[in-house]
Amino acid sequence: MSSPVIELDDVTKVYPLPAGDVVALNGISLSIDEGEFVAIMGPSGSGKSTLLNQIGCLDRPTSGNFFLDGKNIREMDDRELTDLRLSSIGYIFQKFNLIPLLSAYENVEYPYIMKYRKNDDTGRVRDLLALVGIDESLSTHKPNELSGGQQQRIAIARALVNDPAILLCDEPTGNLDTQTGAQIMEVLSDLHRKGRTVIMVTHESEIAAYAERTIVIRDGRVA
Amino acid sequence: MIGNDIILALSARSVRLHFLRSVLAALGIVIGVVSIASIGMMGANMTLSVTEELSDMANKLTVTSYTGGGGGMMAGPGGGGGGSDSDDDEDVITEDEFKDIQRIVAKYGTAYTVRSESDQIEVGSEEGRATIYGLDPDIIREILTVEEGEYPKSTASVVVGPTLAERLDLKIGSKIDIGDPDEGSTTTVRVVGILEERGMTMDLSTDMAIIGTDKLFTGIYGGEGEYNQVNVVVDDLDNIDTVETAIEDELNKKEDTVTVQDSSRMTESITETVSTMTTFVMAIAGISLLVAAVSIFNVMMMSVNERIREIGILRSIGTQRAEILRMFIYEAGILGLVGAVIGAVASLIIGYVVVLGMVGTTEYFFAAGSLIYVPEAMVIGAAICIVTGVYPAWRASNLDPIEALRAE
Ligand SMILES: Nc1ncnc2c1ncn2[C@@H]1O[C@H](COP(=O)(O)OP(=O)(O)OP(=O)(O)O)[C@@H](O)[C@H]1O
Ligand SMILES: [Mg+2]
């Protein structure tokens, strides 16, 4: 049996603030296997985003260990973490977070160029845009010329371009209407069915219902 | 399609997005580059044209009385405005000294005496000042070229320099009264010739002078057997050092009695003066680059602050710190490069006008020594931009990705 792709062992995250330390994660242990579709739920401020940032290698635990594919994140420097974010993790944000200076196509191509130091000549970017349902004619548009749903589709395509092991989504439908949200969830479910590990933060149970497993967080702990 | 260097593309797009702001920031660099380059070129052109003019004089020496101290390059007759009176015996070359010089020079060329005095003159009702030279009539014929008219033969006739002629509207036949009427009698002379322009020289500065025979001169100012200066013309340029040393060895055997100057010292001294002046003015021009640097810094800080969220996005999807740093250095570099290129073109135009106006000739404008200031100023301008961009870029690259993502 392969070891879990994600393993958190007593992970704590403390934000030191002048008014006193904020314990955002308080000894979380969990493991997620390859190919799982996991929803993380919990009330506002419970530490969902903080947890996802840990899994997404945007941050390191204050204490405890986090293993991604068996490698301990705590021992990595900024360079290595950045490389992981580029190649092993696809991040989808609530606010889409496309790069405003780049067109839809270029936004998807950006991580590819960062990784391979060349333009995509394999047609991968075009295929991904088709996969998430973005018309060719839209690919030259800048993000501010596109609807929220279109932007989120592009963000999903961008997250997939370097074929990451895990797809992380922080409230991917939070800024979308119900119908568009459902369409985005269809795209994510489809990716999961094709074998990708998907971890999604949400506080809507209808959205969480798409996942196979739900982890509930309360006050920085697994409830 | 976007090039392989997507980081550079992002920098360029950011500059283009804030076009007006970028243009204004680059304008500072343009001004800085133009001022440094055109002042540098002006100095170089001055030096080049003076050096060229003086190289005609490489075979000439001037011998003046030793005055202690350095003597100074401008102490030649006329050049210094003729401050000294001829009754100061210390400041003259005696007949004996001249004989010695003539004996030494005889083998190599010729030596002749120069008497000069600055005095008040009057033409019609117009008053002015001029240097009056007294030279041997044969020497006048040999050394000077009359453009119009003839050479002075009698003690009542003179030739005048072209600048003086123009200023006082002197023609052949014009009468000049030399001397201050309040202090005694004046001498009236007649202009018989107008000289060709001679420019900047160290032996005789005739452009603004009246040149008469030595008899005329001693008739007005006395001073028989005393000369302000002895000029030496050496036939073969290779002998110039020999002659210079020989005169110095002979006349300054016991104590320093004369100062011998060759044109190289004068060239050196003028070049030095021009370059000191140029460096000083260039340093002032450098202040404009400093101002430009502040405005670039300001624009760069603005750009970083506006794009914190974008930096967060870039970092979160796998952009290295070094690449963020590069992105902002590029941005500053683009501003610097655009400013430097426009500045270079503008400094060629403005520099040309400045050189024409200040130096009077653009003969040397395209010489390497002059044009070198354009790339030099470009490099300084662009380098200042990049250096200025380092801190904002460093700030940007050190933003925490999560914090940056939370920015609005
Ligand atoms: N950068 C930070 N600095 C200080 N405190 C922070 C920071 N980020 C989060 N926190 C605190 O950590 C706790 C958890 O925040 P987190 O964003 O993970 O909550 P969340 O579960 O994602 O909430 P929401 O559902 O509102 O997005 C909160 O109390 C928050 O105030
Ligand atoms: Mg959150």
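This is a predicted model: local features need pLDDT of at least 70, side-chain atom pairs count only at pLDDT 80 or more; totals for chains, interfaces and linings use all residues.
Select A:Thr62 to begin, and you will find a residue that counts as partly exposed at 40% relative accessibility, where buried means under 20% relative accessible area, exposed means over 50%, and partly exposed lies in between, with a 1.4 Å probe and protein chains only. A:Thr62 is placed in the loop between helix 1 and strand 4 (63–68) of chain A, and in this tour helices (H or I, at least four residues) and strands (E, at least two) are DSSP runs, numbered from the N terminus.

Residues are numbered from 1 along each chain as its sequence is written, chains are lettered from A and ligands numbered from 1 in the order in which they are written, and side-chain values use heavy atoms, with hydrogens and water left out.

**Helix 1 and what follows**

Select helix 1 (48–55) of chain A, which is mostly covered, since seven of its eight residues are buried. Those buried residues are A:Lys48, A:Thr50, A:Leu51, A:Leu52, A:Asn53, A:Gln54 and A:Ile55. After the helix comes A:Cys57, which has a positive phi near 60°. From A:Cys57, look across to A:Asp83, which is 26 residues away in sequence and 9.6 Å away in space, C-alpha to C-alpha. A:Asp83 belongs to helix 2 (residues 78–87) of chain A and is partly exposed, with a relative accessible area of 39%.

**The ligand**

Select ligand 1 next, which lies between chains A and B. Which residues come nearest to ligand 1? Of the 15 residues around it, they are A:Ser44, A:Gly45, A:Lys48, A:Ser49 and A:Thr50, and a residue is near a molecule if one of its heavy atoms lies within 4 Å of it. By class, this shell has five nonpolar, six polar and four charged residues; here Ala, Val, Leu, Ile, Met, Phe, Trp, Tyr, Cys and Pro count as nonpolar, Asp, Glu, Lys and Arg as charged, and the others, Gly among them, as polar. Helix 1 of chain A gives the most to the shell, with three residues, and the elements that each supply at least two residues include strand 2 (22–32) of chain A and helix 13 (401–406) of chain B.

Zoom in on single atoms from both chains. On the chain A side, a polar backbone atom of A:Gly45 is 2.8 Å from an oxygen atom of ligand 1. On the chain B side, a nitrogen atom of ligand 1 has a polar side-chain atom of B:Glu403 at 3.1 Å, and a polar side-chain atom of B:Arg406 is 2.9 Å from a nitrogen atom of the ligand. Altogether the protein covers 74% of the 630 Å² of accessible area that ligand 1 has on its own, with areas taken from the Shrake-Rupley method with a 1.4 Å probe.

Move to A:Glu36, in the loop between strand 2 and strand 3 (37–41) of chain A. Is A:Glu36 buried or exposed? At 14% relative accessibility, A:Glu36 counts as buried. Its side chain is joined to that of A:Arg213 by a polar contact of 2.8 Å, a polar contact being a pair of N or O atoms within 3.5 Å in which, within protein, one must be able to donate a hydrogen and the other to accept it, and residues adjacent in sequence count only if both atoms are side-chain atoms.

**Backbone angles to check**

Most residues other than glycine have a negative phi. Select A:Phe96, which is not a glycine and yet has a positive phi of about 65°; this residue lies in the loop between strand 6 (89–92) and helix 3 (104–116) of chain A, and it is buried, with a relative accessible area of 9%. Then switch to B:Asp169, where phi is also positive, near 55°, in the loop between helix 5 (162–168) and strand 7 (175–178) of chain B. B:Asp169 is exposed, with a relative accessible area of 53%.

Finish in chain B with helix 6 (residues 214–221), whose buried residues include B:Asp214, B:Leu216 and B:Phe217. Just after this helix, B:Gly222 takes a positive phi of about 70°.
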